[in-house]
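I opened this notebook to record what I looked up in the structure shown below. The entries follow the order in which I consulted the model.

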Amino acid sequence: MAPLKLRYYCPFACLTGYGECTHNYLLALKRHTNIELDIVPLIDTDSDNLHPRFAELLPYVGKHLDDPNWPDIVLVHSVPAYCHEFVRGDLAPHADAIRVALTTWETEHVPKWIGKRLDNYFDAVIVPSEYNEMIFNEVLEDTIAYRVPHCFDPEWFGYGTEKFEQYLDSKRADKGPYT
């Protein structure tokens with residue numbers, strides 16, 4: 001089977017919590033999976049002034065933006081209120097792509113309007129904790145939140161991803177083999 005093609009909208013090279021998490025996810029995906037990456041930064045990336053630790057990932061920034069066969073999966077890593085902003089127009093030519101939001105929530109309740117927005121634009125939501133999984137699934141109606149911990153050691157990387165991998169397998173079965 002050909003590798004999955006992942007377009008990852010993320011705060012690449014951003015020195016925030018989301019940026020640090022993104023960097024770790026990208027390194028884990030690159031080093032420990034057979035996924036082809038196309039990174040789309042959500043903020044301007046000045047490659048001339050980039051910290052050296054991002055150099056390993058720079059070749060994947062915008063690598064396949066003009067390829068009509070991209071992507072199989074669109075992953076948007078942002079705050080929940082804005083995840084949909086990055087896929088509304090872009091998904092028109094990629095209507096068959098699996099759309100996944102990677103996000104988190106830090107307060108007691110996720111507003112219902114955020115659940116509706118995620119339901120309208122995404123097939124799945126990835127969150128980092130049991131608490132987030134619980135509170136997102138309380139407001140999601142058609143989409144499921146899956147817990148994938150922020151942990152990147154290869155020994156731990158598969159922990160908590162079984163349900164999400166089963167979901168991806170079911171989506172692959174619906175589409176047939178990737179070629």
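**Entry 1: a β-α-β unit.** Which hand does the β-α-β unit made by β4, helix α2 (residues 112-121) and β5 have? I found that β4, α2 and β5 form a right-handed unit. A crossover is called right-handed if, with the strands pointing away from the viewer, the path from the first strand over the helix to the second runs clockwise. Helices (H or I, at least four residues) and strands (E, at least two) are DSSP runs, numbered from the N terminus.

**Entry 2: basis of the model.** I noted that this is a predicted model, in which local features need pLDDT of at least 70 and side-chain atom pairs count only at pLDDT 80 or more, while totals for chains, interfaces and linings use all residues. Residues are numbered from 1 along each chain as its sequence is written, and side-chain values use heavy atoms, with hydrogens and water left out.

**Entry 3: confidence.** I looked up pLDDT, the predictor's confidence in each residue, from 0 to 100. Its average over the chain is 80, and 79% of the residues score at least 70. Confidence is highest in helix α3 (residues 130-139), at a mean of 95, and lowest in helix α4 (residues 154-157), at 48. Where pLDDT is low, the predicted coordinates should not be read in detail.

**Entry 4: the whole chain.** I recorded five helices and six strands. Their order from the N terminus is β-α-β-β-β-α-β-α-β-α-α. Of the 179 residues, 46% count as buried; buried means under 20% relative accessible area, exposed over 50%, and partly exposed in between (1.4 Å probe, protein chains only). Among contacts (heavy atoms within 4.5 Å) with a separation of 6 or more, 66% are between residues 24 or more positions apart. The chain exposes about 9600 Å², and carbon and sulfur atoms supply 51% of this area.

**Entry 5: strand β1.** I then examined β1 (residues 5-10), where six of six residues are buried. Lys5, Arg7 and Tyr9 point one way from the strand, and Leu6, Tyr8 and Cys10 point the other way. For pairing, I used the rule that DSSP must find at least two bridges between two strands. β1 runs parallel to β2 (residues 36-41), with six bridges joining them, and leucine 6 stands opposite leucine 37 of β2. Between these strands the chain passes through helix α1 (residues 17-32), and this β-α-β crossover is right-handed. β1 also pairs in the parallel sense with β3 (residues 73-77), over four bridges. There, valine 74 in β3 is the bridge partner of arginine 7.

**Entry 6: strand β4 and arginine 99.** I next followed β3 to β4, to which it is joined in parallel by five bridges; valine 74 stands opposite arginine 99 in β4. β4 spans residues 98-102 and pairs in the parallel sense with β5 (residues 124-127) over three bridges. In that pairing, valine 100 stands opposite alanine 124. Why is β4 largely enclosed by the rest of the structure? Four of its five residues are buried, so β4 is largely enclosed. Arginine 99 counts as partly exposed because its relative accessibility is 23%. Its side chain reaches the backbone oxygen of tyrosine 121 at 3.3 Å. I also noted that arginine 99 and aspartate 72 are 27 residues apart in sequence, with their C-alpha atoms 8.8 Å apart.

**Entry 7: histidine 84.** Is histidine 84 buried or exposed? Histidine 84 counts as buried, because its relative accessibility is 4%. It is placed in the loop between β3 and β4. Its side chain reaches the backbone oxygen of alanine 81 at 3.5 Å. A polar contact of 3.1 Å joins the side chains of histidine 84 and glutamate 85. A polar contact is a pair of N or O atoms within 3.5 Å; within protein, one must be able to donate a hydrogen and the other to accept it, and residues adjacent in sequence count only if both atoms are side-chain atoms. Beyond neighbours within four places in sequence, histidine 84 is in contact with Arg117, Tyr121 and Phe122.

**Entry 8: helix α3.** I listed the buried residues of α3 as Asn132, Glu133, Ile135, Phe136 and Val139. These buried residues pack against α2, β5 and β6 (144-147).

Terms used:
Areas by Shrake-Rupley, 256 points an atom, 1.4 Å probe, with all protein chains shown as cover.
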